[in-house]
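Dear colleague,

Here is the structure I promised to pass on.

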Amino acid sequence: MKKSILLKNGDVELVNGRMVLISKENRIRQLVENTLSIKKGEWFLNKNTGLSHDEIHKKSPNIENLKTDIISCLSELEEVVNVNILDFNYDPSERKFYAKLLIIYTMDESEPDNDFEMEVAI
């Protein structure tokens, strides 16, 4: 089973001086949040990682294009089987997008797929 180091506000979470490890749904949630926070092309180790910001910075963004970009971005994650956008809102005054996602993921090919809902702000 894959594990990741727990991050809080971009910093490694320590408890009693030790790193906290996360797995399963918590690990996938963190991967989703981190992946959406990276601007595509920004990470030098993999220029394809992250979310395209082409629509985000437009005065009148095309919501359908942004939804497609989000799904495409998250589909690149190894464990993610499918992404559904359940709800999507745009706040033009803040230029922020709010999405409620249904993430379907697998931890191992021998196990059945799992899913969870989460909300993200972009």
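This is a predicted model: local features need pLDDT of at least 70, side-chain atom pairs count only at pLDDT 80 or more; totals for chains, interfaces and linings use all residues.

Core. The largest nonpolar core has 22 residues, and those touching the most other members are V32, L36, I70, L74, L101, I103 and I122. Two or more residues each come from α1 (24–37), α2 (63–75), β7 (80–91), β8 (96–105) and β9 (114–121). β8 gives the largest share, five residues. Leaving aside residues up to four places away in sequence, L36 is in contact with L51, I70, C73, L74, L101, V120 and I122.

Aromatic residues. Three aromatic pairs turn up in a search of the whole structure. In the pair F88 and F97, the ring centres are 5.9 Å apart and the planes stand at 35°, so this pair is classed as tilted. F88 and F97 are both buried. Together with Y90, they make up one aromatic cluster.

Loop residue. T49 sits in the loop between α1 and α2. Its relative accessibility is 18%, so T49 counts as buried, the limit being under 20%. Not counting residues up to four places away in sequence, T49 touches I38, K39, K40, G41 and W43.

Salt bridges. The count comes to seven. Three of them are described here.

- K2 and E78 meet through their side chains at 2.9 Å, N to O. K2 is in the segment before β1 (3–5) and E78 is in the loop between α2 and β7, so the bridge ties together parts 76 residues apart in sequence. K2 is partly exposed at 38% relative accessibility, whereas E78 is exposed at 64%. K2 and E78 also belong to a network of salt bridges that includes R27 and E79.

- E25 and R29 form a salt bridge at 2.8 Å, N to O. Both residues lie in helix α1, four residues apart, which is about one turn of the helix. E25 is partly exposed, with a relative accessible area of 27%, and R29 is partly exposed as well, at 23%.

- E117 and K100 form a salt bridge at 3.3 Å, N to O. This pair links distant parts of the chain, with E117 in strand β9 and K100 in strand β8, 17 residues apart. Relative accessibility is 41% for E117, which counts as partly exposed, and 30% for K100, also partly exposed.

Regards

Terms used: Residues are numbered from 1 along each chain as its sequence is written. Side-chain values use heavy atoms; hydrogens and water are left out. A nonpolar core is a set of buried Ala, Val, Leu, Ile, Met, Phe, Trp, Tyr and Cys residues joined through side-chain atoms within 4.5 Å. Buried means under 20% relative accessible area, exposed over 50%, partly exposed in between (1.4 Å probe, protein chains only). Contact means heavy atoms within 4.5 Å. Rings of Phe, Tyr and Trp (its six-membered ring) pair if their centres lie within 6.5 Å; planes under 30 degrees apart count as stacked, over 60 as edge-to-face and the rest as tilted. A salt bridge is a side-chain nitrogen of Lys or Arg within 4 Å of a carboxyl oxygen of Asp or Glu.
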